[in-house]
Amino acid sequence: MPELPEVETTCRGISPHIVGHKITQLKVRNPNLRWPVPDFLGQRIEGQSVLDVSRRGKYILIKVDGGQVMVHLGMSGSLRVVDQGKEVQKHDHVDFCFSDGKALRLTDPRRFGSVLWQPEGEHHELLYKLGPEPLSEEFNAAYLHACCKGRKAAIKQLIMDSKVVVGVGNIYATEALFSAAIDPRRAAGNISAERLEVFVKEIKKVLSVAIEQGGTTLKDFVGSDGKPGYFQQKLNAYGRKGEPCVNCLSPLTEVRLGQRSTVFCKQCQR
Ligand SMILES: [Zn+2]
């Protein structure tokens, strides 16, 4: 599943190829994504130049005069810049065609992604309720401490709640909890301010490292075939059930928390 670093990398990868370029046509081959692609979208954006590409949470925002297109990659989506003539594959559902002969192509086998429209000056309910960005100054120890106060929810579930902070998915929550030596099952309200401060630092670190690594894959967003530029980083806990802890060598434990697999070290994480 594309997580925040992949979405950020996608933004950076496509931006130089589409900002300032004029959209000549929106081709929707299959509108049935997680929500239907609005049938008026083509009319709103055709003939307009892309003013900016940015990210909020896991939404990629393509700004034009009068509003922005909100693209979400869902479970399996990817965006690539291709020649318009490039043969269409089964899961290539949407093309944003540009005047230079290129197209921004959305591929999404599982169709949990979305392409929506937000008129300028209006709140979109999907964006409005999002918490702060994890790499912003707004997300800090004092803020997280206030969010956790009195909460009995497991810290891992709380940190994956996009109303608390956006974009800390299973991989990065698992890794940051490991690095901060916090038991993922621990009640959020029962963790000291000092430990939450370490946790915030580790969240920022694991995401920054992933984004930095993603930067090396930017060339893959244009032209080439195969998988888009998602990337693997060295993981200490996620996906390592039963394997030795990198600190104490005891086997890592797996539990389910809120339906999500959670791997941690019973010795190191308290
Ligand atoms: Zn350990």
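Start with the largest pocket, which holds about 700 Å³ of space. A pocket here is an open set of points on a 1 Å grid over the protein atoms alone, where a 1.4 Å probe fits, with protein on both sides within 12 Å along at least five of seven lines; lining residues have an atom within 4 Å of a point. Its volume is the space filled by probe spheres set on those points, which are joined across faces, edges and corners.

What kinds of residues make up the lining of the largest pocket? They divide into 11 nonpolar, seven polar and seven charged. In this count, Ala, Val, Leu, Ile, Met, Phe, Trp, Tyr, Cys and Pro are nonpolar, Asp, Glu, Lys and Arg are charged, and the others, Gly among them, are polar.

A quick note before moving on: this is a predicted model, where local features need pLDDT of at least 70 and side-chain atom pairs count only at pLDDT 80 or more, while totals for chains, interfaces and linings use all residues. Residues are numbered from 1 along each chain as its sequence is written, and side-chain values use heavy atoms, with hydrogens and water left out.

Now pick the zinc ion. Its protein donors are the SG atoms of Cys245, Cys248, Cys265 and Cys268, lying 2.2 to 2.4 Å from the zinc. Donors are N, O and S atoms within 2.8 Å of the metal (3.2 Å for Na, K and Ca), and since water is not among the atoms, sites may look incomplete. Along the chain, the zinc donors follow the spacing C-x2-C-x16-C-x2-C. Cys245 sits in the loop between helix H7 (193-215) and strand S9 (253-257), and Cys268 in the segment after strand S10 (260-264), so this pair ties together parts that are 23 residues apart in sequence. Helices (H or I, at least four residues) and strands (E, at least two) are DSSP runs, numbered from the N terminus.

Why is the arrangement around the zinc ion called tetrahedral? Because the four donor atoms subtend angles of 101 to 113 degrees, and four donors count as tetrahedral if all angles lie between 85 and 135 degrees.

Next, colour those cysteines by accessibility. Buried means under 20% relative accessible area, exposed over 50%, and partly exposed in between (1.4 Å probe, protein chains only). Cys245 is buried at 1%, and Cys265 is buried at 0%. Cys268 is partly exposed at 22%, and Cys248 is partly exposed at 33%.

Leu249 has a positive phi of about 70 degrees, although it is not a glycine, and is exposed at 64% relative accessibility. Glu243 lies in that loop between H7 and S9 too, and is partly exposed at 35%.

Jump to helix H6 (residues 170-179): nine of its 10 residues are buried, so H6 is largely enclosed by the rest of the structure. Among the buried ones are Ile171, Tyr172, Leu177 and Phe178. Just after H6, find Ala181, with a positive phi of about 60 degrees.

Last stop: Arg111, in the loop between strand S7 (102-107) and strand S8 (114-119). Its phi is near 55 degrees, a positive value in a residue other than glycine, and Arg111 is partly exposed at 34%.

Key. Tetrahedral: all angles 85-135°; square planar, octahedral: opposite > 155°, others 65-115°.
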